[in-house]
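Let's take a quick tour of this model by way of a few questions. Here it is.

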Amino acid sequence: MKPFFRKGWMFISMSAAIILNISNERTETMRSCLLILLIVAVLVFKSKDEFFIKPIHFSNSIYPVSALLICSCFGCNFYSAWTNSGRILRISELLGAPNKHVVIFLSVLGVLAAVPAVAAIISAFSQFIISDFEKSPVLPERKGLSAKKSFCLLTAVYLIGIIAIVRANFNYIDDMGRVLDGYMGWQDFSRFASNGLSTMIHMDRAITDISPLTQFIAVLFLALAGIILLYVVYERKSFGIWELIALIPLGLNPYFLECISYKFDSPFMALSILAAVFPLLLRNSTMWKYILAVAIGTILMCTTYQAASGIFPMAVVLLSLRMWLKNKPWQEIARFLLGSVVGFAIGLIFFKQVIMNPIESYASTSLPPLKELFPTIVTNYKHYFSLLLSDYERLWKWIIALLIIAFSLSGIKVSGRKRFTTLILTAAAEIVIFLLCFGLYPAFAKPLFEPRAMYGFGVFITLLCISTAESFQPAAMKLPAVAIAWIFFVFSFTYGNALFVQKSYTDFRITQVISDLNDMEEFLGDEPVTVQISGSIDFAPAVERMRHNSAVLSRLVPITFRGAWPWGQKGFYGYYGLKNVKQDDSIDLTAYALPLIKDGMYHTIYGEDNYVLVKLK
């Protein structure tokens with residue numbers, strides 16, 4: 001009977017971990033969760049695996065401590081999602097206890113119950129990864145750096161690359177609201193892991209600006225993801241300098257630089273990349289462990305930043321190609337593909353059915369009708385392609401073209417198969433990887449086209465780079481990878497300095513407006529005055545010149561003092577302590593014939609009674 005009770009305890013613990021992730025009380029969510037619990041029960045009680053039978057012993061305290069931290073994140077999200085729940089309210093009325101106290105009790109109970117299962121999974125994963133790592137080969141002596149040294153070196157390179165961004169101290173779009181009001185708000189886009197981790201980092205639900213710490217954490221996640229990529233692609237635990245240089249595009253490509261610019265979001269955007277690649281460390285483990293790792297990684301990716309949804313499939317295609325090139329048995333390749341597909345599907349289904357809150361705002365998670373699905377995908381891909389062509393400079397595109405050719409040829413050095421067949425299959429895999437770089441977004445009725453949603457293309461470039469920069473490849477094959485890495489490294493400074501210049505220019509323009517408003521009689525009384533902003537300050541003169549040389553800067557550098565955009569006015573209304581100034585978007589003062597009060601070099605002011613319109617030039 002002992003194995004039965006041990007399985008029962010494991011099922012209860014796993015169920016607690018699952019239930020803590022329920023984000024809403026919709027009937028569809030409840031039914032889906034119940035079905036998942038039934039499937040888990042069947043798998044646990046029917047399984048003969050020692051994982052479910054043997055007593056849980058943790059030789060290292062790091063496993064239960066890590067599990068407690070992870071489960072605490074679950075508990076924070078559970079508390080946030082269920083505090084105002086009608087179901088909890090009815091329970092609290094029956095118990096005669098305050099609603100919040102009941103949710104706190106359930107959260108703590110769930111966290112403590114979930115810790116054993118999560119700790120056991122972490123232990124099982126870690127022991128296999130450590131064992132697999134110890135057996136991995138290394139480069140010949142003096143030709144490579146250990147994984148630890150490689151991680152430190154890559155971290156240093158990324159930190160140097162973001163110095164200009166850190167120096168700019170730019171409150172990037174959503175940062176403006178979070179710095180001012182201290183809210184998280186990621187649950188609106190089902191990024192519950194971001195909410196939970198942020199609560200743990202700040203030790204409070206009201207967050208404050210702790211940059212550049214958050215950006216440094218993001219760099220650590222990026223460097224770790226990069227080393228994992230090299231480890232699983234090269235199947236060894238030491239790497240050459242050129243191979244590490246090939247990882248620069250992973251963290252410093254123009255699209256991910258926007259992610260790094262977010263003071264509050266950057267760690268979780270970087271974590272989405274790490275979540276997408278870490279399951280590959282279990283690829284040689286038993287099938288169920290690999291599927292479980294992929295499912296967990298997919299859920300974590302979806303609850304941090306869904307733009308990374310194409311990264312895992314891209315890596316799977318590349319690894320499958322390399323397995324074929326190395327004459328691995330078809331059964332082994334099929335097993336790897338099957339485990340990857342099943343785990344990824346389970347993760348996506350769990351996220352959609354149990355965690356995700358559908359949204360309809362500037363982006364949407366809804367799919368178009370079936371008959372419109374293919375045309376929608378084609379239209380969205382066309383838009384993504386047009387953005388890539390317009391964002392990247394001509395030289396960049398030529399180097400990427402050379403990189404694509406080098407990747408096609410690189411397979412010949414690895415392959416034990418016929419050259420022509422190798423070229424054809426390598427080119428086909430390259431196309432598939434490229435199409436996957438935007439993840440699930442092309443299928444959405446209203447996807448996100450901002451640079452931060454396109455960093456999968458930077459991962460695509462990185463996969464090409466690490467394939468062509470492998471130690472045994474000829475020097476000529478490595479040149480395109482080194483060239484694009486240097487270009488992105490240099491561009492990171494251009495971008496960071498552009499943010500600094502734009503911030504200084506924005507502060508100057510806002511100060512000019514406030515100075516003129518300060519002299520007006522309308523603001524001397526006690527009655528609030530409605531002030532509206534129209535027009536835009538546009539780019540700072542120096543940034544204007546920069547963006548003609550780097551077109552992508554036009555999309556990366558936001559204009560945060562302008563009308564008709566909430567984030568274009570947040571700083572003006574919230575950061576300067578304006579007295580007697582009222583913001584009222586229910587009326588449009590540009591439609592009124594307000595008399596001219598002042599016309600200056602930078603703006604024109606119109607006003608009458610308690611209404612003032614500032615038109616920026």
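Q: Which element gives the largest share of the nonpolar patch?
A: This is a predicted model, where local features need pLDDT of at least 70, side-chain atom pairs count only at pLDDT 80 or more, and totals for chains, interfaces and linings use all residues. Residues are numbered from 1 along each chain as its sequence is written, and side-chain values use heavy atoms, with hydrogens and water left out. The patch is formed by Leu68, Ile104, Val108 and Leu112, and Ile104 sits in a helix, α6. Three residues, the largest share, come from α6.

Q: At roughly what angle do the axes of helix α6 and helix α16 cross?
A: Helix α6 covers residues 99-135 and helix α16 residues 287-302; helices are DSSP runs (H or I, at least four residues), strands likewise (E, at least two), numbered from the N terminus. Axes are lines fitted to C-alpha atoms, for helices over the stretch in contact, with angles from 0 to 180 degrees between N-to-C directions. The two axes come within 11 Å and cross at roughly 115°.

Q: Which residues of α16 make the contact with α6?
A: Contact means heavy atoms within 4.5 Å. On the α6 side, Ile121, Ala124 and Phe125 take part. Their partners on α16 are Lys289, Leu292, Ala293 and Ile296.

Q: Which side chain meets Lys326 in a salt bridge?
A: A salt bridge is a side-chain nitrogen of Lys or Arg within 4 Å of a carboxyl oxygen of Asp or Glu, and the structure holds 14 of them. Lys326 lies in the loop between α17 and α18, and its partner, 91 residues apart, is in the loop between α11 and β2. At 3.1 Å, N to O, that partner is Glu235.

Q: What is omega for the peptide bond that joins Ser211 and Pro212?
A: Most peptide bonds are trans. Pro212, in the loop between α10 and α11, is joined to Ser211 by a cis bond. Its omega is about 5°.

How values were computed
Patch = residues over 30% accessible without salt bridge, like charges linked within 9 Å, V, L, I, M, F, W, Y side chains within 5 Å. Areas by Shrake-Rupley, 256 points an atom, 1.4 Å probe, with all protein chains shown as cover.
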